[in-house]
Amino acid sequence: QSKGKLMTSLFLEPFSGISGDMLNGLLVDLGADVELLHTELEKLGVDGFHLHVHRVAKSAIWGTDFDVHLHHGEKDTGIEGDFDHDHEHHHDHEHHHDHSHADARSYADIHDLIVASQLSPFVKDRSLAVFLDIAKAEAAVHNMPVEQIHFHEIGAIDSIVDIVSFFILVESLGIDTVYSTPLTEGSGTISVAHGEMPVPVPAVMQLRKETTIPITQDFTVKTELITPTGLALLKAMDPIFEPIPSHFAIQSVGYGFGKRDTGK
């Protein structure tokens, strides 16, 4: 209790990594209202997607799977939340289309979209902070100004919905503090839009700069477990890496699933 107000804390155990869809699935599994989420997302004024949110079992554990389904095209085959730019070359994707400014959203476009929306001040401010954090990380990776960083149009919708949804759900649950155990990352390399990338991917390494977020690597898992979006969302909540205080009462337990089956 604090001045008569009941404080709500979120305690994370990211033993198999972290991503936007995992975090959103977790919050729904903890009791967040999906109908409220739909209503709030309409305030963005973005169409071309719908949510698939349903309970599933993995390794005999029931949890919630959260997925943004796009009405046209495929999701970017790059890492989740990966920015791109139409520089001196085009990237080869499974759906084979050239990336020009016509099918990309710049950081400025996304900023203006969120600012112009009817979302709450909390959701706006935190979402903008996350997009700027990721844009700065990608700008450092690609050695270019933030202003020239672009989301592929399809990937942009996916990332916007993932990020905005997270803060809508956090606000709806009244979460004011986040505790976490150390994060687990995979190893090896992954194939993305830009070719082969090491794990942790470069954008994740950039996002880790000037932080003390504890991350351990599981060298038996040969893929990424931590996405840039997932790590940026966690950073925005200023997590405390300490055990749950002994006087805390656990109200609910939930699981949010990712899309990769690592066997863990």
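Predicted model: local features only at pLDDT ≥ 70, side-chain atom pairs only at ≥ 80, totals over all residues.
Colleague: Why is Asn24 called buried?
Modeller: Buried means under 20% relative accessible area. Asn24 has a relative accessible area of 0%, so Asn24 is buried.

Colleague: Where is Asn24 found, and what does Asn24 touch?
Modeller: Asn24 is found in helix H1, residues 20–29. Not counting residues up to four places away in sequence, Asn24 touches Phe66, Asp162, Ser165, Phe166 and Leu169.

Colleague: What makes H1 mostly covered?
Modeller: Ten of its ten residues are buried. Among them are Gly20, Asp21 and Asp29. H1 also lies across strands S2, S3 and S11, running at about 125° to S3. Just after H1, Gly31 takes a positive phi of about 120°.

Colleague: What makes S2 and S11 the edges of their sheet?
Modeller: The sheet is open, with three strands in the order S2-S3-S11 and mixed pairing. Strand S2 (49–58) and strand S11 (256–257) each have a single partner strand, so one side of each is left without a neighbour in the sheet.

Colleague: How do you know that S3 and S11 pair?
Modeller: Two strands pair if there are at least two bridges between them. Two bridges join strand S3 (residues 61–70) to S11, and these strands run parallel.

Colleague: Which strands does helix H2 touch?
Modeller: Helix H2 (residues 34–41) packs on the sheet and touches S2 and S3. The direction of H2 makes about 155° with that of S2.

Colleague: Why is H3 called roughly antiparallel to H4?
Modeller: Helix H3 (residues 107–116) and helix H4 (residues 121–142) pack at an angle of about 175°, with their axes 10 Å apart. Angles over 145 degrees count as roughly antiparallel. That makes H3 roughly antiparallel to H4.

Colleague: Which residues make that contact?
Modeller: From H3 come Tyr107, Ile110, His111, Ile114 and Val115. From H4 come Lys124, Ser127, Leu128, Phe131, Leu132 and Ala135. By class, the contact has eight nonpolar, two polar and one charged residues.

Colleague: Which residues have the most contacts inside the largest nonpolar core?
Modeller: They are Leu41, Leu44 and Phe49, in a core of 64 residues. Helix H5 (residues 153–173) gives the most to this core, with eleven residues. Leaving aside its neighbours within four places in sequence, Leu41 is in contact with Phe49, Leu51, Val161, Val164, Ser165 and Ile168.

Colleague: Is Leu225 buried or exposed?
Modeller: The cut-off for buried is under 20%. Leu225 has a relative accessible area of 8%, so Leu225 is buried. Leu225 lies in the loop between strand S10 (215–217) and helix H7 (228–236). Leu225 and Ser16 are 209 residues apart in sequence, and 6.4 Å apart in space from C-alpha to C-alpha.

Colleague: Why is Ala60 called exposed?
Modeller: Exposed means over 50% relative accessible area. Ala60 has 75%, so Ala60 is exposed. Ala60 sits in the loop between S2 and S3. Although Ala60 is not a glycine, Ala60 has a positive phi of about 65°.

Colleague: And what makes Asp238 count as exposed?
Modeller: The cut-off is again over 50%. At 61% relative accessibility, Asp238 therefore counts as exposed. Asp238 is placed in the loop between H7 and S11. Asp238 is not a glycine, yet has a positive phi of about 50°.

Technical notes. Residues numbered from 1 in each chain as written. Heavy atoms only, no water. Helix = DSSP H or I, 4+ residues; strand = E, 2+ residues; numbered from the N terminus. Buried < 20%, exposed > 50% of the residue type's maximum accessible area, 1.4 Å probe, protein only. Contact = heavy atoms within 4.5 Å. Core = buried A, V, L, I, M, F, W, Y, C linked by side-chain atoms within 4.5 Å. Axes fitted to C-alpha atoms, helices over the stretch in contact; angles between N-to-C directions. Parallel < 35°, antiparallel > 145°, perpendicular 65-115°, else oblique. Nonpolar A, V, L, I, M, F, W, Y, C, P; charged D, E, K, R; others polar.
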